[in-house]
Amino acid sequence: MESTNNIFFILILTFFIIYSIRYFGIFGFLDVLFLNREKIWKLKNFFSKHFHYFNQLSEKDKERFIYRAYKLSKLINIIGRQDFVITPEVRLFVVAAQVQLTLGFKQYELNKFHTILVYPDVYKNKITGNMHYGEVNPKGVIVLSWKRLVNGFEIPDDKINLGLHEMAHALMHTIISSNDHEYGLDPYLRDIVRLSQLEMDKIKNDDHHFFRKYAGTNIYEFFSVAVEYFFEVPGEFKKELPELYQFMVSLLKQNPV
Ligand SMILES: [Zn+2]
């Protein structure tokens with residue numbers, strides 16, 4: 001009986017190791033395996049220093065945040081543009097918005113979004129010729145301006161957060177285009193889209209609408225702006241647009257108020 005148990009244990013262990021190596025690569029696997037207390041402590045210090053959102057989390061959620069950020073910083077291909085140097089610190093900043101946005105989910109990877117390009121500041125889009133701070137290509141590439149990204153987290157309540165804005169685009173693309181719909185998020189997103197259509201008309205006709213004008217551009221921008229407000233001014237959001245706020249809570253499976 002005991003030997004059957006041992007074989008079972010070895011099989012489980014082997015499966016776990018093979019799965020982890022496939023998932024992280026051999027070096028990533030070893031790295032995550034040896035994510036020791038000292039490293040966790042350093043990461044915790046880093047996030048508490050720079051992220052207002054992180055400081056408001058429970059101890060359990062803080063650990064979840066740290067672990068996920070560390071894993072994503074190893075998994076995502078982060079490339080500097082215009083000689084911008086990608087340091088370990090930059091990596092953590094770049095993945096933080098994704099971790100924040102998806103902290104309530106079991107699956108926090110956004111299927112095909114595995115590449116993030118980072119420019120030092122505003123950059124020119126080669127196709128449109130326009131200047132941008134960030135954008136999301138539905139084929140799986142996210143582009144960010146470093147300066148704007150950091151600014152977004154430095155001022156946590158000005159309703160502007162580039163990282164969250166672009167990640168919200170990536171999340172929306174992921175929900176719409178996933179075949180498996182693992183998240184089961186479609187009904188919540190549909191509720192938000194339905195409400196956004198009514199709200200966008202109001203934004204166009206009302207200069208004092210709670211959301212900034214840009215949210216009236218289309219449903220994609222509406223959703224991204226809603227995400228920025230959701231995390232930066234949740235109390236006001238809940239008071240001004242209670243129904244929409246509730247749909248956002250159901251979708252993101254977290255309630256920042
Ligand atoms: Zn946008």
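Leu72 is a residue of helix α4, the helix that covers residues 59-75. Keep in mind that you are looking at a predicted model.

**Leu72 and its surroundings**

- Is Leu72 buried or exposed? Leu72 has 23 C-beta neighbours inside 10 Å, and 20 or more are needed to count as buried, so Leu72 is classed as buried.
- Leu72 has contacts beyond its neighbours within four places in sequence: Val95, Gln98 and Val99.
- Take Val95 as an example: 23 residues separate it from Leu72 in sequence, yet their C-alpha atoms are 6.5 Å apart in space.

**The nonpolar core**

- In soluble globular proteins, nonpolar side chains tend to be buried together.
- Here, the largest nonpolar core has 61 residues.
- Which residues have the most contacts inside this core? They are Ala69, Ala226 and Met248.
- Met248 touches Ile192, Ala226 and Phe230, if residues up to four places away in sequence are not counted.

**The sheet**

- Look for an open sheet of four strands with mixed pairing, in the order β1-β2-β6-β5.
- Why is one side of β1 and of β5 left without a neighbour in the sheet? Strands β1 (77-80) and β5 (134-137) stand at the edges and have a single partner strand each, so one side of each has no neighbour there.
- On average, neighbouring strands of this sheet are turned by 15° against each other, with direction ignored.
- Strands β5 and β6 (residues 141-145) run antiparallel and are joined by four bridges. On the β6 side, Val141 is the bridge partner of Asn137.

**Helices across the sheet**

- Helix α5 (residues 88-101) lies across β1, β2 (115-119) and β6, and it runs at about 115° to β2.
- Helix α7 (residues 162-177) lies across β5 and β6, at about 15° to β5.

**Where α6 meets α7**

- The axes of α6 (residues 146-154) and α7 come within 7 Å and cross at roughly 105°.
- Angles of 65 to 115 degrees count as roughly perpendicular, so α6 and α7 are roughly perpendicular to each other.
- Which residues meet here? Arg148, Leu149 and Gly152 come from α6, while Leu162, Gly163 and Leu164 come from α7.
- Sorted by class, this contact has three nonpolar, two polar and one charged residues.

Note on methods:
Residues numbered from 1 in each chain as written. Predicted model: local features only at pLDDT ≥ 70, side-chain atom pairs only at ≥ 80, totals over all residues. Pairing = 2+ DSSP bridges. Helix = DSSP H or I, 4+ residues; strand = E, 2+ residues; numbered from the N terminus. Axes fitted to C-alpha atoms, helices over the stretch in contact; angles between N-to-C directions. Contact = placed C-beta atoms within 7 Å. Buried ≥ 20, exposed ≤ 12 C-beta atoms within 10 Å, placed from the backbone. Core = buried A, V, L, I, M, F, W, Y, C linked by C-beta atoms within 7 Å. Parallel < 35°, antiparallel > 145°, perpendicular 65-115°, else oblique. Nonpolar A, V, L, I, M, F, W, Y, C, P; charged D, E, K, R; others polar.
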